[in-house]
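Open the model in your viewer and keep the selection panel at hand.

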Amino acid sequence: MGTLLETEVAGLKLRNPLILASGILGNSSSLLKRVELSGAGAVTTKTILPEPTKGYENPVVVELPFGLINAMGLPNPGIKEFERELAEARSEMTIPIIGSAGGGTPEEVSHVAGRLQDAGADAIEINASCPHVKGHGLEIGSTPSSLRELVNIVRGSIKIPLLVKLTPMTPNIRSLGEASVRSGADGLTAINTLKAMYIDVEAMAPVLSNKVGGLSGPAIRPVAVRSIYELAPISDVIGTGGVKNWRDAAEMLLAGAKAVGIGTAIMTKGLEVFREISDGLSHYLKRKNLSVRELIGRGRD
Ligand SMILES: Cc1cc2nc3c(=O)[nH]c(=O)nc-3n(C[C@H](O)[C@H](O)[C@H](O)COP(=O)(O)O)c2cc1C
């Protein structure tokens, strides 16, 4: 099959365009390795914070017919603990590992990014868009001016490719993309989840312990496709949001994404989803007599 599925995003060469989205699986090196064996083109780590954090009390996830609302609260081991895991994953894996950096201030994000780089990450993704953790994500990355400051500082602390993960909860995602690119981002990941809520009518109370969470899965795919469409003219884009089969992945590539992130579908379909989608894409490309590189952006007008 060779070059049929190969692509490149933000300077990362990928054997296929399918990338594990941030936060969906645990962070152990053995799990990341399993994702490689399942056929992914690259993996993204869960967002790593400077210090260990417990996250929220259960319930942290609500499953709906059209998607998922989660408010995990960014549980994670902290950068010190994760460095070892990442170094081990890097020594055992061949596909690129994208380290997702978070924090409450630009300086904290930059500190985590530098240490992820030193531990072996091939690229950094700034989580500038988590919608449900106070002081993080959205709160430090939802306006062009806050993004400029954040991206500038992180850019100064790393040499590897830098991606910025954007929120769709803005009147103008393109201006967030432009602020990121002008401040040194090599690529954009679009999109993170949308703020959402679910109330149990029998219990007459919100289901999530945090009350509000982030919506992912099929419901947000059209928002992701539109975001990719708006961002692809200014940067490389990893299209993410609701991809569950090869058609969804093809749609994002046609909108201009150079690669496609997969999150919620792993929770519903398991890791087999990578092979299922890459096989489906291969058949589609052969039928259309195109490579992935030739497909990218072909559905824009
Ligand atoms: C349970 C869960 C945890 C997530 N954790 C993170 C995270 O740590 N960092 C991040 O940038 N995005 C996180 N996300 C967002 C996903 O990476 C992705 O952007 C979003 O879910 C849309 O893609 P999907 O519909 O394929 O899941 C999380 C999503 C879910 C469902």
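In β16, which residue is the bridge partner of I238? Select A259: this is the β16 residue that bridges to I238. This is a predicted model, in which local features need pLDDT of at least 70 and side-chain atom pairs count only at pLDDT 80 or more, while totals for chains, interfaces and linings use all residues. Residues are numbered from 1 along each chain as its sequence is written.

Next, select residues 236-240 (β15) and 259-262 (β16); these strands run parallel and are joined by three bridges. Strands here are DSSP runs of E, at least two residues, and helices are runs of H or I, at least four, both numbered from the N terminus. Two strands pair if DSSP finds at least two bridges between them.

Now widen the selection to the barrel, which eight strands close with parallel pairing in the order β3-β4-β7-β8-β9-β10-β15-β16. From one strand to the next, the twist averages 25 degrees (axes are lines fitted to C-alpha atoms, with angles from 0 to 180 degrees between N-to-C directions).

Move to the ligand. Its shell holds 27 residues, with A21, G23, S216, G263 and T264 the closest (C-beta atom, placed from the backbone, within 6 Å). β6 (67-70) and α9 (264-269) each give two or more residues to this shell.

Finally, select S28, in the loop between β3 (18-20) and α1 (29-37). S28 is partly exposed because 14 other C-beta atoms lie within 10 Å; 20 or more would be buried, and 12 or fewer exposed. From S28 to G263 the C-alpha distance is 17 Å, across 235 residues of sequence.
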